[in-house]
Amino acid sequence: MTTTIGFDPLLPYPQILFLAILATALAIWLYTSARAHDGAQSRVLRRLSILRAAGVCAIVVLLLNPVFTHANHSTDKPPLLILIDRSHSMATRDLKGGSRFDAAKEATAQNADLVRQLQNHYNCMFFGMSDTAVHQDVNSFLKTAKPDGSQTCLGESMANAIGSVTDAGSGGVLLVSDGRNNGQADPVE
């Protein structure tokens, strides 16, 4: 959180400057006229002159009408939810002898350059999805995720993944799937 101070003066700046100069001139005149008195009375008048100067400064500050602004600027990166379909159809081996799931992992989680570039700008969160989305860090996703889900529920999975990021104002979703939505929830909504 950052705090800034600005001014919303009650009078135009030239008038405030004129009043400040006038009050300062009056305080100086009162101080110099007090110097003609004897020592004890002169010290009291000097102290009163200092109090007058402090009062003038306080009035000038009040006329400037300071306004404090508190801004919550999040330095956190926006989330990027990377959802990779792990339904049974992703086990189909029709891409250069490999499965669709292997191709999806190679294009996303196993692509170290891509992950590094995305992590420079986003807080990348990987989700294996089938009936719902399950959040995993990249390494555990690569080790444990298998295309063994029963169906592809895109809407439910996206809602679950988005619901897991409660404090983010904005972000993005990258969905990698081979199929259509088999769930009840519409992924577009």
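Trainee: Buried means under 20% relative accessible area, exposed over 50% and partly exposed in between (1.4 Å probe, protein chains only); so which residues are buried in helix α6?

Mentor: This is a predicted model, in which local features need pLDDT of at least 70 and side-chain atom pairs count only at pLDDT 80 or more, while totals for chains, interfaces and linings use all residues. Residues are numbered from 1 along each chain as its sequence is written, and side-chain values use heavy atoms, leaving out hydrogens and water. In α6, residues 154-163, the buried ones are Leu 154, Gly 155, Ser 157, Met 158 and Ala 161. Helices (H or I, at least four residues) and strands (E, at least two) are DSSP runs, numbered from the N terminus.

Trainee: And where do they sit around the axis of α6?

Mentor: They lie on the same side of α6, because they cover an arc of only 165° around the axis, the arc being that of the directions from the helix axis to the C-beta atoms. An α-helix has 3.6 residues a turn, so residues three or four places apart point the same way.

Trainee: What covers those buried residues of α6?

Mentor: The cover includes β3, β4, β5 (133-136) and β6 (172-176), with contact taken as heavy atoms within 4.5 Å.

Trainee: Switching to the largest nonpolar core, which members touch the most others?

Mentor: A nonpolar core is a set of buried Ala, Val, Leu, Ile, Met, Phe, Trp, Tyr and Cys residues joined through side-chain atoms within 4.5 Å. Among the 14 residues of the largest one, Ile 82, Ile 84, Phe 101, Cys 124, Phe 126 and Phe 141 touch the most other members. At least two residues each come from β3 (79-85), α3 (100-107), α4 (112-121), β4 (123-129) and α5 (138-144), and β3 gives the largest share, 3 residues. Another core, of 10 residues, lies apart from it and includes Leu 83, Leu 154, Ala 161 and Val 165.

Trainee: How many aromatic pairs are there?

Mentor: There are 2, counting rings of Phe, Tyr and Trp (its six-membered ring) whose centres lie within 6.5 Å, with planes under 30 degrees apart called stacked, over 60 edge-to-face and the rest tilted. Phe 101 and Phe 141 form a tilted pair, 6.2 Å centre to centre with 55° between the planes. Since Phe 101 lies in helix α3 and Phe 141 in helix α5, this pair ties together parts that are 40 residues apart in sequence. Ring pairs also link Phe 101, Phe 126 and Phe 141 into a cluster.

Trainee: Are Phe 101 and Phe 141 buried or exposed?

Mentor: Phe 101 is buried, with a relative accessible area of 2%, and Phe 141 is buried at 0%.
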